[in-house]
Amino acid sequence: MAEPAPSPTRTAGRPPQQVVPPAPPPPELARVPPRRRGAGLRPRLTLVCTAVVALVSALLLWLGWLLVGGVARSVPSLPPGTTVRVGNVTVPAERLNDAIGAAARADVLRAGLIAFPLVVAAAAVVSWVLVGRVLGPLHAVTATARRLTVESLDTRTGLQDARGEVAELAAGFDAMLDRLQAAFDAQRRFVANASHELRTPLSVLRTEVDVTLSDPDADAEELRRMAGVVREATRRADDLIAGLLLLARTESAELNEVSPVDLAEVVVPALAAVRAEAGRRGLRIQVKTAAAPTRGDPVLLERVAGNLVENAVRHNVAGGWLEVCTGTADGLARLQVSSSGAEIPGDRVAELFEPFRRGPVARTADTPGSGLGLSIVRAVVQAHGGRVWAEPVRGGGLTVTVELPVR
């Protein structure tokens, strides 16, 4: 009779406990059998070199054997009826050539059988040593690759005496490590800055909610004030996340849509979006637009113009000025945005294109933004095969110039 299945255990006042089988380990933790590796490159190359030397030696021995027999047959013949002693054998004159050829071939074969294994053994030893010296730099590159981790990307092969293709391989490997290290360092800085920037609006949200909830006498006005602060904090977080997504999409993906674009046209909606804010701050706007045809993603290029104009307005001074110019120069479509503002040291201008860099002006309620504007501009311009740079304006301010290939 079959035994009854065990029933779930019961505890007083508690529901029955179900026996849950253990979950299988995740795929990445499953034991992966080691990959079977064949013979290394050094023994295989040594075997190939030795086989080639053995084949050539055997061919030379065979040719020598044939040539000695042919030379022996060309010896002048003696008068018939005479005898000649060849070695310890007396042969008639008629068979002299055959006897000399056989004796010569036997001597060549005897010497060849002694020299052949010696030559093959010497070839194997020399091939092993030479192949080892040739593959030594490759082993150094392999050892360096095995030692690499995220924390030791500054390790290099250090091959100074390599020559030829091996030197090119080592130099290419070191250059790849330089790029990887730069990419990982930039990623670390980006993640750290993004975490810091996201922590600010979240801290504001938590503080406002906690303070309001802890006040038992909070009235409708206090709740409205908290709602306004929360709305502003969520807007900042939303802008930051949208900027991060746009920056990541621009840096890691190819252009989805490429069509003719005139930079003079993308400037129009960018100026319209900031005209009200510029009016409140009393900014004088001067526009000098000429045709600047190029090819690219219209949405991204409009974002370039929008970011430049927004930065010029937000980081300007009250009663300042703003100038937008488009046109062509040296066969390139150009967009240039200049504005007044705080003085920026020349050695700090390049830093403005890094994520979360805002220049000397501290962020306030009047200067919103996540510090991603110019970094997005740089990513979009590079994706379109162009270049962008900035120059400080004498007396305070900044000029940003974008150049793109003309269509």
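Figure 1. P137 lies within helix 2, which spans residues 96-147; the coordinates come from a predicted model. The relative accessible area of P137 is 17%, and the residue is therefore classed as buried, since the cut-off for this class is under 20%. A167 is 30 residues away from P137 along the chain, yet the C-alpha atoms of P137 and A167 are separated by 8.3 Å.

Figure 2. T46 belongs to helix 1, formed by residues 41-73. With a relative accessible area of 8%, T46 is buried. Leaving aside residues up to four places away in sequence, T46 touches A124, S127, W128 and V131.

**Figure 3. The two spans annotated as transmembrane region.** The UniProt record, an unreviewed entry, places the feature "transmembrane region" at residues 45-68 and 111-131. In the model, residues 45-68 are 100% helix and 0% strand, and the end C-alpha atoms of this span lie 34 Å apart. Residues 111-131 are likewise 100% helix and 0% strand, with a separation of 30 Å between the end C-alpha atoms.

**Figure 4. Packing of helix 6 against helix 7.** Two packed helices are described by the angle between their axes and by the distance between those axes. Helix 6 (residues 298-314) packs with helix 7 (residues 373-383) at an angle of about 150°, and their axes are 9 Å apart. Angles over 145 degrees count as roughly antiparallel, and helix 6 and helix 7 are therefore roughly antiparallel to each other.

**Figure 5. Residues at the contact of helix 6 with helix 7.** Helix 6 contributes L300, L301, R303, V304, N307, L308 and N311 to this contact. These residues meet G373, L374, I376, V377 and V380 in helix 7. By class, the contact comprises eight nonpolar, three polar and one charged residues.

**Figure 6. Overview of the protein for orientation.** The protein contains seven helices and 11 strands. Of its 407 residues, 30% count as buried. Among contacts between residues at least 6 apart in sequence, 69% join residues at least 24 apart.

Note on methods
Residues numbered from 1 in each chain as written. Predicted model: local features only at pLDDT ≥ 70, side-chain atom pairs only at ≥ 80, totals over all residues. Heavy atoms only, no water. Axes fitted to C-alpha atoms, helices over the stretch in contact; angles between N-to-C directions. Helix = DSSP H or I, 4+ residues; strand = E, 2+ residues; numbered from the N terminus. Parallel < 35°, antiparallel > 145°, perpendicular 65-115°, else oblique. Contact = heavy atoms within 4.5 Å. Nonpolar A, V, L, I, M, F, W, Y, C, P; charged D, E, K, R; others polar. UniProt positions renumbered as here; feature names shortened; annotations may be inferred. Buried < 20%, exposed > 50% of the residue type's maximum accessible area, 1.4 Å probe, protein only.
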